[in-house]
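These are my notes from going through one model.

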Amino acid sequence: MESIPVQSCILVPTEEEALNFPRGDITLSFCSSCGFIFNSVFDVDNVDYAAATEESQHFSGTFNRFAERLISDIAHRYDLSGRTTLEIGCGKGDFLKALVATTGTYGIGVDPGFIPERLATNGSNNIKFMREYFKSDRIEFDPDFVVCRHTLEHIPAVWDFVSDIDRTLKNQPRAVFFETPDTRRLLVQGAFWDIYYEHCSYFTLGSHARLFRRAGMNVTDLYLEYGGQYIVQYAMSHATGPQLRQECDLDEVRHLVREFPKRVADSRDYWTKFVRDRAAVGKRVVLWGGGSKATSFITSNRLEDDIADVVDINPFKQGKFIPGTARQVHAPEALCDRPPDTVIAMNAMYAKEIADHLAQLGMKPELVALP
């Protein structure tokens, strides 16, 4: 894929900046020995996570219930009361704050895009944030538990990253929890909307586990969550154990990789035709969700002129522009002045939530969702 915006979750304040936003290329490459998929032309210097990124999904009740379920599971597995939890790539801090409140752990969050004003901690001594990139030599304590959600896919040198986490644990057996997008679903569905420049590393259950086992960790649990979209992995550092059944996916992944070029081409053709056929007869096609998926959906297929509007419930996205386009993100209430004929939900997990919101606005357009 050529000339893709190099960041998809960034907040772009003006149309001019959006249209002139830096672009890069994506060449997905596959290692048939370990199953790792990566953008072999990725340039880390193109991406700045300390900029005004807006990745938070915590304005959605659907997503919050999922996060609460994860926290409940962590609390059931581990007694973190009085212990220290390090979250690498904590985003705006919502998950860590809730984990601290539920488990009684002492939390340290590390993320260059953290915004202190966004999270009210009421001066709590039980949580601290470091607005910087993670480096083991910057962590001045020995964490008892490590959390890392939706960060590994942004790391080009994944082996170095996991090794640095291991150095933070100082050769002690400690539990780690990772959550990463699942690439098998992308391969099966030809899901071009889930291919972003920032996502330079792509994992299936098997390749995810193989990375951690190579780093000397025992993968203790491994499964898919959130409608099969996310890999959830628990592991123990400096430990060994039997391989899990779901790690054995190399043969299937090799087959899916061979079929992927056709599947992704068919998927792009289908959705381009879907949008343009409706736009051609004067129908207003709206995207619900102004994040990475919308950026990829529009820019991958050059659909800017065919999409009438983009809406999002996240107030921090509203009024900003989609990188690489002149499309501004609006609040859903803006649809009352220009009702849509078709709404495309950027994530099927939010389809019911979106349908309910549309109904509250007195609308019942055609509603479809990306799988």
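Which side chain meets that of Glu 132 in a salt bridge? I looked it up and found Arg 138, at 2.7 Å, N to O. I count a salt bridge when a side-chain nitrogen of Lys or Arg is within 4 Å of a carboxyl oxygen of Asp or Glu.

Before going on, I note that this is a predicted model, in which local features need pLDDT of at least 70 and side-chain atom pairs count only at pLDDT 80 or more, while totals for chains, interfaces and linings use all residues. Residues are numbered from 1 along each chain as its sequence is written, and side-chain values use heavy atoms, with hydrogens and water left out.

**Entry: salt bridges**

I searched the whole structure and got 22 salt bridges. In the pair above, Arg 138 counts as partly exposed at 41% relative accessibility. My classes are buried for under 20% relative accessible area, exposed for over 50%, and partly exposed in between, with a 1.4 Å probe and protein chains only.

Next I looked at Glu 225, whose side chain meets that of Arg 69 in a salt bridge of 2.9 Å, N to O. This pair links distant parts of the chain, 156 residues apart: Glu 225 lies in strand E11 (residues 217–225) and Arg 69 in helix H2 (residues 61–77). I take helices (H or I, at least four residues) and strands (E, at least two) as DSSP runs, numbered from the N terminus. Glu 225 is buried at 15% relative accessibility, whereas Arg 69 is partly exposed at 42%.

I then checked Asp 266 and Lys 262, whose side chains form a salt bridge of 2.6 Å, N to O. They are separated by about one helical turn, because they are 4 residues apart in helix H7. Asp 266 is partly exposed at 38% relative accessibility, and Lys 262 is exposed at 57%. I also noted one network, in which salt bridges that share partners join Asp 73, Arg 77 and Asp 221. Side chains of opposite charge can pair when their charged atoms come close.

**Entry: nonpolar cores**

For a nonpolar core I take a set of buried Ala, Val, Leu, Ile, Met, Phe, Trp, Tyr and Cys residues joined through side-chain atoms within 4.5 Å. Which residues have the most contacts inside the largest nonpolar core? I found Trp 271, Val 275, Leu 287, Phe 297, Ile 307 and Ile 344, in a core of 41 residues. The elements giving two or more residues to this core are helix H5 (183–189), helix H7 (250–280), strand E13 (285–288) and helix H8 (292–300). H7 supplies the largest share, 7 residues.

I listed the contacts (heavy atoms within 4.5 Å) of Trp 271, leaving aside its neighbours within four places in sequence. Its partners are Phe 192, Trp 193, Phe 297, Ile 344, Val 368, Ala 369 and Leu 370. A second, separate core has 36 residues, among them Ala 67, Phe 95, Phe 129 and Ala 175. In soluble globular proteins, nonpolar side chains tend to be buried together.

**Entry: strand E13 and its partners**

I call two strands paired if DSSP finds at least two bridges between them. E13 pairs in the parallel sense with strand E16 (residues 342–345) over 4 bridges, and Val 285 stands opposite Thr 342 there. E13 also pairs in the parallel sense with strand E14 (residues 309–311), over 3 bridges, where Leu 287 faces Val 310. The chain goes from E13 through H8 to E14 in a right-handed β-α-β crossover; right-handed means that, with the strands pointing away from the viewer, the path from the first strand over the helix to the second runs clockwise.

I checked the side chains of E13: Val 285 and Leu 287 point one way, Val 286 and Trp 288 the other, and all are buried.

**Entry: an open sheet**

I found 3 strands in an open sheet, in the order E3-E4-E10, with antiparallel pairing. Strand E3 (28–30) and strand E10 (201–202) are the edges, each pairing on one side only. E3 pairs with strand E4 (residues 37–39) over 3 bridges, and Phe 30 has Ile 37 as its bridge partner.

**Entry: cysteines**

I looked for disulfides, meaning pairs of cysteine sulfur atoms within 2.5 Å, and there are 0. Cys 200 is buried, at 2% relative accessibility. For Cys 248, the nearest cysteine sulfur is that of Cys 34, 15 Å away. Cys 248 is exposed, with a relative accessible area of 55%.
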